[in-house]
Structure formats: C-alpha cells, structure tokens
Amino acid sequence: MAAYAAVVSLMNVIYNIQNHHQFSISLFDEKQAESLGEKLDFLLDFIESNHSTELLESEIASAAHAAEDVIESHIVDQIHSGSISSLDLQKLIKVMDHMKDKVVHFKEEKGGLSKVHQQYSMSATSSTAPITGGGKSTKMVGCEEELIQLLDAFTGRQPSLQIIPIEGMGGIGKTTLARNAYESRLIVNHFDICAWATISQEYSLKEIFSKLLSGKEKMMLFLTDNNNGSRIILTTRLSNVAVHFGSSYVSKKFLDEDKSWKLLCEKAFVQEGCCTPELEKIGKKIAKKCKGFPLLIVVIGGLLRNHLPTHLKPCFFNMGIFPKDRDIYVSKFIALWIAEGFIKPNKTQSLEEVAECYLKDLIDMNLLLVGRLRWNGKIKTCTIHDLLIDLCIKTTQKEKFLYLIKSCDSPRGINNAFYFMKILQRLLRVFDVIDCDSSMNDIVEQVDLRYVKKLSYFRELDHTSRELCLSISLLWNVQTLNIGGTERLVALSEIWSIPQLTHLEFPEGIYLMEPPLRSGQNNDCIVLKNLQTLKRIKNLKLSEEVCKRIPNVKILKIRYIDKSSCDNFQYNIGTLHKLESLNLWGVNLVRNLKFPSSLKRFTLTCSNLDWEDLTGIGSLPNLEVLKLGKGSVLGSEWNPIEGEFLCLKYLSIVSFELEYWNAESFHFPVLEKLVVDALWKLYEIPSGIGEIPTLALIDMDDCSESAAISAIRILEEQESQGNDDLRVHIKFMWSEELEGFKSSNLQFGRY
C-alpha cells in the first residue's frame with residue numbers, strides 16, 4: 001500500500017510540473033524526466049502484480065518518498081527565492097535504477113512470478129457506469145423475526161411514549177435492523193414525523209437536536225410523553241443501557257450457520273446469484289469461521305468477490321482520518337485522495353473520474369456504505385463502520401502510512417493549527433481546519449499545499465483579504481481552495497495564475513478581480529483548464545476573457561449586489577458549454593437569454609422574473625433540477641407551456657405572490673419531487689400534478705391551508721387508483737395552524 005501510494009504520488013508530482021506554465025520548460029531535462037517516468041512505470045507494474053515482499057515494497061516506498069522530497073524541496077526553494085533553476089534528475093534516476101535491478105533480481109529468483117495473474121487484478125478504470133445509489137435500505141438476511149418484533153413494538157396500541165433499545169456488540173447489525181424498520185412503509189405511513197440521528201462517542205447535543213428538529217421546534221412535542229403514540233428507538237452495545245429503559249428491548253443475536261452462509265452467498269456471488277458447487281464446501285467453512293458476525297461476513301464477502309487491489313488500498317485505509325459515526329462527503333474524500341496523490345492518472349479520464357471508479361469498487365466490496373444521495377441519484381455521502389475505521393488506523397500506523405494528531409497531543413489544543421504546521425515538514429499537502437489561529441501568511445508559507453480549507457467564525461479577518469491577495473499565487477500546486485469567515489474577502493488577479501485549481505469556494509463570498517490581459521507570448525498559459533467549481537463569487541464580471549479562462553467549469557454560484565456588474569453575464573453565460581449547475585442571486589435576467597444546453601441544475605434567488613420568463617429556462621434540454629427561491633419570480637399566475645421542462649425531476653418554489661398555478665401532468669412529464677415553501681396565497685396544487693407517473697413526493701412547508709388540503713386530495717385520489725408510491729409531507733410554522741388543519745374532517749395521518 002505505502003509503496004503504491006508513494007510511486008503514484010511521485011508520478012503525479014512529475015506530471016503536474018510538466019504541465020505547469022512556470023516550471024514545465026525550465027525545471028526538468030525532458031529526456032531525464034522520460035527516463036525517470038519509465039522506471040516508475042516498471043516499479044508500479046511490479047507493485048500491482050501483488051508478488052512483492054514487505055521488505056522490498058518498503059525500500060521502493062522510501063526511494064519514491066525521497067525522490068519526491070528532493071523535487072518538491074527544490075520547487076519550494078525556487079518559489080521562496082523568486083527564481084527558477086533546473087533540477088538534475090540523474091541521481092534520482094540512479095536510485096530508481098537500483099530499485100529496478102532489485103526487482104529484476106527478485107523476479108529471477110522467484111521464477112515465473114514476473115507474470116501478473118489477471119484473475120486477481122482489477123482495472124482502475126473498469127467501473128465506467130455512473131455512481132448512483134438506489135436509495136433503499138441494506139437488504140437484511142437472517143433478521144426477519146427481529147424486524148417483525150421491532151415493527152410490532154413500534155405500531156403497538158400503547159399511547160405513551162415507548163423507548164425501544166436494540167442491544168448487541170459492534171458490527172452485529174443493530175443499525176441495519178434499525179434502518180430497515182425506520183424506512184419500512186409501515187412506519188412511514190404510521191407516524192406523522194420520522195427523524196434519524198447518529199450519536200457517536202464524541203457528540204454535540206446542539207448538533208443532534210438540530211438534525212432531529214430541522215428548524216421545527218414543535219417536533220419537541222413528540223420527544224415528550226404526551227400520550228400521542230410516539231416511539232424512540234436506540235442502538236447500544238451496553239446491555240445495562242438497554243435494561244435501563246425496560247424489559248421490552250431487542251437483543252441482536254449472532255447468525256446461525258445457515259443464515260451466515262446465506263448472507264455470504266448474497267455478498268460474494270452477486271452476479272451469479274448462488275455459489276457454484278465446487279466452491280460451496282470451502283465457502284461454508286469460511287462462513288462458519290465468521291462465527292455469525294454479520295459485519296465480518298459482509299466484508300469478507302465483498303473481498304472474495306473483488307480482491308482488494310493495490311490501487312484501492314491507499315484510498316480505503318486513508319478513510320481512517322475521518323471521525324466515527326459520521327456521514328462523509330464524497331466530494332471531500334475524493335478531493336483528498338487526489339491531493340495526497342493516490343489517484344493514478346491516465347490519458348482518457350480526469351483524476352475525479354478515476355477516483356469515482358475507485359469509490360464504486362469500494363462500495364461494491366461493502367467497505368464503504370452509501371449514505372445520502374444527490375438530486376441526480378449520485379452518491380452525496382458515504383459511511384464506514386467504526387470497526388473498519390479502527391482497522392484502517394491500525395493498518396496505516398503499522399505501515400507508517402498515516403499518523404493522526406489529536407488535540408491532546410498539542411499543549412495548546414487543536415485550534416492552534418500553526419503549532420502543527422511547525423512540527424510537520426514544509427511539504428505539507430492538506431490543511432483543513434475550522435476557526436484556527438493561523439493567518440493566511442502562515443498557510444501560504446506551505447507552498448506545496450494542494451488542499452486548503454480554512455473556515456474562521458466569530459472574528460474580524462480584515463487582514464485576511466490583504467494576505468490572500470498578495471501571496472495566494474505562491475501555492476503553485478493547490479487544487480482545492482475553500483476559505484471563509486469574513487464578508488470582506490478579496491482576491492486580486494494573481495489567483496488566475498494557479499493552473500491546478502479545481503475547486504474554488506468561499507462560503508462567505510469573495511470579490512474576484514478580473515484576470516490580467518494575455519500576453520502575446522503566453523496566450524493560454526493561465527487558462528484554468530482544471531477548474532470545475534467556482535462558488536460564492538460576488539459581482540463576478542463574466543467577461544469574454546473570464547469565460548475563456550474557465551472553459552470547463554461545471555458548478556458556478558454568483559451573488560450580484562451591484563446590478564451593473566451583471567451586464568456581461570447576460571451576453572457570455574452561454575459560452576460556458578460544460579456548465580451543469582448554476583446558482584444566481586440578484587440577477588435581473590433578460591427575456592430569451594441563452595443558457596448553456598449542458599445545464600442540469602438551476603437555482604434562482606431575487607431575480608424578479610415574471611412567470612412567462614421561465615419559458616427560456618424550461619426549454620433547456622437537460623434541465624433536471626429547478627429551484628425558484630425567494631423573489632426569483634413575481635406575479636400571481638403561472639401558466640406553463642407544453643413541451644417545456646421535459647427532463648425536470650425536481651421542482652422547488654418559494655413565492656409570496658403565486659395564487660393560481662395552472663398546470664397539467666404533461667407540463668412536467670417526469671417530475672419526481674415537488675417542494676413548495678411559503679406559498680401563502682396559493683389556492684391549490686394542480687390536480688394534474690398528481691397524475692404525473694413518476695411523482696414520488698410532494699413536500700409542503702408553511703403554505704396555505706387550501707393548498708395543503710389539495711395535496712391531501714391528490715394523495716387520496718392516487719391511492720384510490722392503486723398508487724401507493726406517492727408521499728405527501730406537510731409542515732406548518734405554528735402549532736395553531738397544525739391543530740386547525742387537523743380539525744378539518746380529513747383522514748390526517750397518511751403523510
């Protein structure tokens with residue numbers, strides 16, 4: 001693992017230098033770089049063959065790390081000195097030649113082991129299908145009786161609040177059982193409100209209640225004993241905790257041999273459907289060795305199906321850096337994988353695309369579990385079992401691949417990030433802190449950083465703007481830049497000279513100066529070809545020159561405070577042909593404005609459109625998500641036009657003025673989710689909306705009572721026609737409104 005990560009990381013460093021406008025010509029001799037690259041390819045092929053020894057891989061890793069330190073140290077020195085000189089790679093080539101000779105000698109001693117056994121290899125780009133999640137609970141095996149017992153306890157007639165513990169050891173399947181009960185249709189239909197929260201060993205009550213309540217403080221009524229049939233389920237490894245809440249708790253038991261074998265077959269033979277006769281005997285022995293422990297069976301099943309290849313090991317074991325019992329954003333750990341140099345580049349895919357293939361493989365092996373999904377069905381978050389995190393930490397520490405620093409290791413606490421930067425080497429790659437004491441000058445001194453996330457709250461950071469402007473371009477290889485904590489952040493044109501920038505995000509906003517004029521000699525040297533994300537930019541002057549500098553941007557979020565700044569936007573937004581997600585605040589869009597046909601997600605706020613102005617947006621051929629925020633559209637009546645919104649799956653509307661919405665099913669033929677908020681004047685949800693065959697959810701928050709009643713009528717009509725898939729969620733701001741709605745003679749409780 002460590003050897004693979006070290007060699008791939010070195011290859012990435014060389015690749016980035018060769019594609020950097022400042023270093024590509026003067027730093028390396030082309031023939032030397034080619035010679036070094038060939039030797040690294042040879043060593044990587046050998047490592048991937050899985051025929052090495054621990055000692056030999058350790059030597060390869062040390063040699064690759066040393067070479068990388070030499071190259072990066074040279075660049076750091078050059079940046080700080082302000083001059084660029086070439087680096088002689090001959091010594092590094094000799095070191096890698098020596099390692100190559102060792103490998104050749106090892107192969108000769110081992111005979112035929114130089115051949116790679118293809119049945120145990122996995123292509124890093126084999127998973128070409130998009131990563132999506134089905135949104136279903138993990139299928140259970142051997143827990144059917146326990147699930148029935150749990151559902152009976154949930155739906156029993158006792159009016160008093162019932163707390164139902166599930167007790168058992170770690171990894172035995174407590175959370176899987178609870179999740180299957182929580183997401184069952186019986187529970188969804190039985191309870192008015194359902195909420196889920198994860199409580200780890202280190203927890204915050206404020207954070208937990210924030211997730212549970214979601215801003216609806218009246219849900220507290222369901223957490224107290226008001227004889228309204230409320231239920232609380234909890235999972236625990238401690239039997240005394242379960243007994244404390246009474247005798248009616250579910251004790252999660254080990255699987256017997258038959259159920260263990262059934263679970264192993266399901267995980268190890270997904271495509272085949274069942275085990276072949278020649279493998280059944282050894283398979284049952286493996287299942288028996290697991291001693292009825294579900295997590296162990298699931299992990300071994302995944303590994304039997306797909307032997308964990310060398311290229312996946314650094315990515316998986318690096319997951320030990322994340323806290324237990326938390327949803328982990330896919331976008332974050334993919335960015336970290338790339339920043340650490342774990343992803344092997346190829347000519348046909350971007351690093352992000354290769355990383356997504358790695359992710360899919362880890363999910364297929366049951367090493368990572370799908371958490372929440374995005375609007376397009378792709379995976380937004382993943383989870384990893386806490387026992388697997390322990391495994392990651394122990395393995396990486398043994399191989400000296402990862403060292404975790406906890407707050408207790410610092411005499412002044414974790415907040416003083418600069419303290420840690422002092423004890424770490426100057427070749428730091430990842431800096432990810434919240435509310436730290438380090439200034440941007442401290443951070444930028446670490447010029448080799450690739451991932452920078454610095455969020456600072458509750459303090460004035462006027463100096464941050466100045467420091468960011470003057471020194472940010474020193475981060476020659478930074479890919480992710482996420483800086484927040486001040487409303488006065490400004491970035492001068494130097495930021496346009498960082499070619500590896502991929503994700504640029506400023507949670508509190510930033511004023512981004514225009515790029516410098518191009519010179520005749522370097523006409524395209526500072527085009528940000530890798531830039532995919534540009535978020536929270538204030539008053540961005542989207543000139544023709546800016547659009548040429550960001551040709552591949554996919555996500556763009558702009559806030560216009562000065563209306564005159566958005567003039568260029570109207571003329572040039574259509575030139576961003578790779579744009580998929582656009583979020584605009586404060587833009588008065590002109591009618592018939594041409595947007596990129598690639599646009600899939602569009603969010604508008606304070607744009608002051610008329611409803612008929614949505615015609616141009618509705619004509620976008622790939623639009624799947626439309627969010628109309630506060631002040632986005634004005635007027636009391638919306639009459640959609642047939643033939644528009646043909647691909648729209650998600651529609652969100654916030655409007656204080658809309659009264660009449662005259663729509664039929666053919667206006668939104670594939671709509672799946674309708675979310676409406678603050679429609680105080682809306683008379684009704686159009687009945688034709690309920691006839692859309694793909695519609696799965698109508699979610700209403702703080703809308704008129706008549707609109708809520710119309711949603712219930714739609715639900716009743718669909719249920720009478722045999723459509724049991726539609727769900728309607730209705731939330732009120734005040735308890736008085738809720739009670740008034742209940743008092744109407746509707747069958748309340750169906751949603």
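Predicted model: local features only at pLDDT ≥ 70, side-chain atom pairs only at ≥ 80, totals over all residues.

Student: What makes β1 and β2 a strand pair?

Tutor: Strands are DSSP runs of E with at least two residues, helices are runs of H or I with at least four, and both are numbered from the N terminus. Two strands pair if DSSP finds at least two bridges between them. Strand β1 (residues 162-167) and β2 share six bridges in the parallel sense, so the pair meets the criterion of at least two.

Student: Why are β2 and β3 called edge strands?

Tutor: The open sheet has three strands in the order β2-β1-β3, with parallel pairing. The edge strands β2 (231-236) and β3 (250-251) each pair on one side only. Helix α6 (residues 174-182) packs on this sheet and touches β1, β2 and β3, its direction making about 160° with that of β2. Touching, or contact, means heavy atoms within 4.5 Å; such angles run from 0 to 180 degrees between N-to-C directions, and axes are lines fitted to C-alpha atoms, for helices over the stretch in contact.

Student: How do you know that β10 and β11 pair?

Tutor: Two bridges join strand β10 (residues 490-491) to β11, and at least two is what the definition asks for, so they pair. V490 stands opposite Y511 in β11 there. Strand β9 (residues 480-484) is joined to strand β11 (residues 503-512) by three bridges, also running parallel, and T480 stands opposite H503. Between β11 and β12 there are five bridges, again parallel, with K535 in β12 as the bridge partner of E505.

Student: Which residues make the contact between α14 and α15?

Tutor: Helices α14 and α15 (residues 351-364) pack at an angle of about 115°, with their axes 10 Å apart. From α14 come V330, F333, I334, W337 and I338, and from α15 come L351, E352, A355, E356, Y358, L359 and L362.

Student: Why is K332 with D432 called a salt bridge?

Tutor: The term needs a side-chain nitrogen of Lys or Arg within 4 Å of a carboxyl oxygen of Asp or Glu. For K332 and D432 the closest N and O atoms are 2.5 Å apart, so the pair qualifies. It links distant parts of the chain, with K332 in helix α14 (residues 330-339) and D432 in strand β7 (residues 430-434), 100 residues apart.

Student: What about R372 and D327?

Tutor: Their closest N and O atoms are 3.3 Å apart, therefore within the 4 Å limit. R372 sits in the loop between β5 (369-370) and β6 (381-383), and D327 in the loop between α13 (313-317) and β4 (328-329), 45 residues apart. The whole structure has 14 salt bridges, and E68, E72, R429 and R450 are linked in a network of them.

Student: E545 and R549 form a salt bridge too; which of them is buried, and why?

Tutor: Their N to O distance is 2.7 Å, and both lie in helix α20 (residues 544-549), four residues apart, about one turn of the helix. Buried means under 20% relative accessible area, exposed over 50%, and partly exposed in between (1.4 Å probe, protein chains only). R549 has 1%, so it's buried, whereas E545 has 22%, so it's partly exposed.

Student: Why is N539 called buried?

Tutor: Its relative accessible area is 15%, under the 20% cut-off, so the label holds. N539 is in the loop between β12 (533-538) and α20. Leaving out residues up to four places away in sequence, N539 touches Y511, R559, Y560, I561, D562 and S565.

Student: And what makes H667 buried?

Tutor: H667 has 7% relative accessibility, so it counts as buried. Its place is the loop between β21 (660-661) and β22 (673-677).

How values were computed:
Residues numbered from 1 in each chain as written. Heavy atoms only, no water.
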